[in-house]
Amino acid sequence: MARTVKKKKELTLEEKLAEALVPLEEQPYLVPENWCWVKWGDTGEFVAGSGFKNEYQGFTEYEIPFYKVGSLKHSDANGFIYDNSNTINDDIRSKLKASLIPPHSILFAKIGEAIRLNRRSINEIACCIDNNMMAFIPNCSMRYAFYWSCGVDLYKYTNATTVPAIRKSDLEMIPFPLPPLPEQQRIVDRIESLFAKLDEAKEKAQAVVDRFEDRKAAILHKAFTGELTAGWRKEHGHTLSEWTSRRVFDVGEIITGCTPSTKNPEYYNGSIPFIKPTELNQGRNVAVSAETVTEKGRAVSRPIRAGSTCICCIGATISKCGLVSVDCVTNQQINTIVPYDFMDDVFVYYYCCSSKFKNELIANSSATTLPIINKKKTSDLQFIVPPKEEQHLIASILDSLFEKEQQAKEAAEQVISQIDTMKKSILARAFRGELGTNDPADENAEELLKQTL
C-alpha cells in the first residue's frame, strides 16, 4: 500500500512575517521605530560554491569568472571584484554543476582562516564561486546589505572544528537591521559620502608610507655623491677630490659568523645576543635577538663589537644590513664589517644601506637558486671613503633626516589606522540609525518585508 505523503501546511503571510522577525529579546540593539529586526536569510538567498577541478583552471578566455577565496583580495574601492585569472563557459559550468551567481551579489569566504579577514566583494557580472565561498543574493538594497556585512564578524559564527566553517543555516539566522527602502538608500549615500572624504585622506597618507623607501634611497644617493655636505666642504675649504674609493677589506675587518654547536646546552641562553638575518630588521639599532649565547658560546664563535655592520650574505634577503649596538655574535648567514679607526661606524652602516653598495653586492653573488656571496667577494666590493670628519657629519645628517622621515611615516600610518577605525564607527552608527538620515514618515520596514516573503 502506497504511503501517503503529508502535505506541508502553507503559512499565512502573518505567520511568515512572525518567523522572519527577530524576537525582541534576541535583538542586538534598538533601532528606529520604523525599522525592524529580521533574520538575514529572509532578506535574500545564500548560494554555496562548487568544487573547481584542476583540469578547468587557468583558462582566461571564457565569459564567466570563477572566483576563489584569493580573488576577494582583488576588489576595487567600491567593493567590485576584478579577478579574471580563472574563467569558464556554460559547458564547463554544467560539468562542474556550479551555480551561476547573478550580478550584484555579495561574496565572502565560508571555510578556513580566510573568514577572519572579513573580506567582502561584489560581482559586477554573473560568476561562479568555489566551494570555500558563499554568495548572498539580496532582495533589499545591495549596497546597504554589502556595507552592513562589512561590519559583521562572521568568524564568531563558525563551528568548533579543526577547520572553521560557516553553515548556511547559521548565516540565515543572523539578525539583520532592516530600514524602509528610502532609508536604505539614504544610508548608503551618507556612508559613501563620508567614505569618499576619508579615502582621499587615506590615499595621501598611504602615499607617504609607500614613498618612504624611495625617499630614503634618494637621501642616501645624495649623501654618497657628496651633495648633502657640499655646503660644508665649501665653507671649510674641502673638495670632493679628498674622497677615495677603496675595497671593503681596506675599511674594516670582515668576519663571517658561525653557530655554536646546538648539542652543547652550555653555549646557549646567556646574555650575549646571537644575531641572525631576521634580527637585521631592527636596522640602525640591532640590540635584541630571539636567541642568546653564553660566554662559553661566545668563546667558540666569532664575536663582533658594538658599532659593526652586519650584512645578510645568503638567500632572498641578501644585502639586508643592520648596525649592532651591542657586542654580539652572528650565524654563518651574516658577513660583518668591523670598521677600522679611520672609519665612522654609522657612516659604514649607511653606505651599506645604499643602492650602490647593495646592487654591487647582489651583482657579485653567485647566480644560483639561492644567491650567496662569500667573505672574499664581500671584501672586494667598492667603498666610498671621505675624510673621517665628513663621514661623521654625513652620518649625523642622515640620522637627523631619517628620524624625520620615520616620524612622518609613523604619523601617516597612524592616520591610516584612525581612518579605518572611523570607517568602522560610521558603519556601526549607520546600522543603528544614528547618521541623521532616518525619516519617521517612511512606511514601516515590515511592509517592505511582506513584499519579499
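Let me begin with a term: a contact means heavy atoms within 4.5 Å. In this chain, residues 24 or more positions apart account for 75% of the contacts that have a separation of 6 or more.

The model is predicted: local features need pLDDT of at least 70 and side-chain atom pairs count only at pLDDT 80 or more, while totals for chains, interfaces and linings use all residues. Residues are numbered from 1 along each chain as its sequence is written, and side-chain values use heavy atoms, with hydrogens and water left out.

I turn to the chain as a whole. It has 15 helices and 18 strands; these are DSSP runs, numbered from the N terminus, with helices (H or I) of at least four residues and strands (E) of at least two. The C-alpha atoms fill a box of roughly 100 × 60 × 50 Å along the principal axes. The radius of gyration, taken over C-alpha atoms, is 31 Å, whereas a compact globule of 453 residues would have one near 22 Å. That globule rule is 2.2 Å times the number of residues to the power 0.38.

Next, the surface. Of the 453 residues, 45% count as buried, that is, under 20% relative accessible area with a 1.4 Å probe, protein chains only. The accessible surface, from the Shrake-Rupley method with a 1.4 Å probe, comes to about 23700 Å², and 51% of this belongs to carbon and sulfur atoms.

Now the pockets. A pocket is an open set of points on a 1 Å grid over the protein atoms alone, where a 1.4 Å probe fits, with protein on both sides within 12 Å along at least five of seven lines; lining residues have an atom within 4 Å of a point. A volume is the space filled by probe spheres set on the points, which are joined across faces, edges and corners.

The largest pocket has a volume of about 1000 Å³. Its lining has 25 residues, and Ala 77, Cys 150, Phe 195, Lys 202 and Lys 423 lie nearest the centre. Helices H4 (142–150), H6 (181–210) and H14 (388–430) each give two or more residues to this lining, with the largest share, six residues, coming from H6.

The second largest pocket holds about 730 Å³. Among its 28 lining residues, Glu 213, Lys 216, Leu 220, Tyr 349 and Cys 353 are the closest to the centre. Which helix gives the most to this lining? Helix H7 does, with eight residues.

Notes:
Buried < 20%, exposed > 50% of the residue type's maximum accessible area, 1.4 Å probe, protein only.
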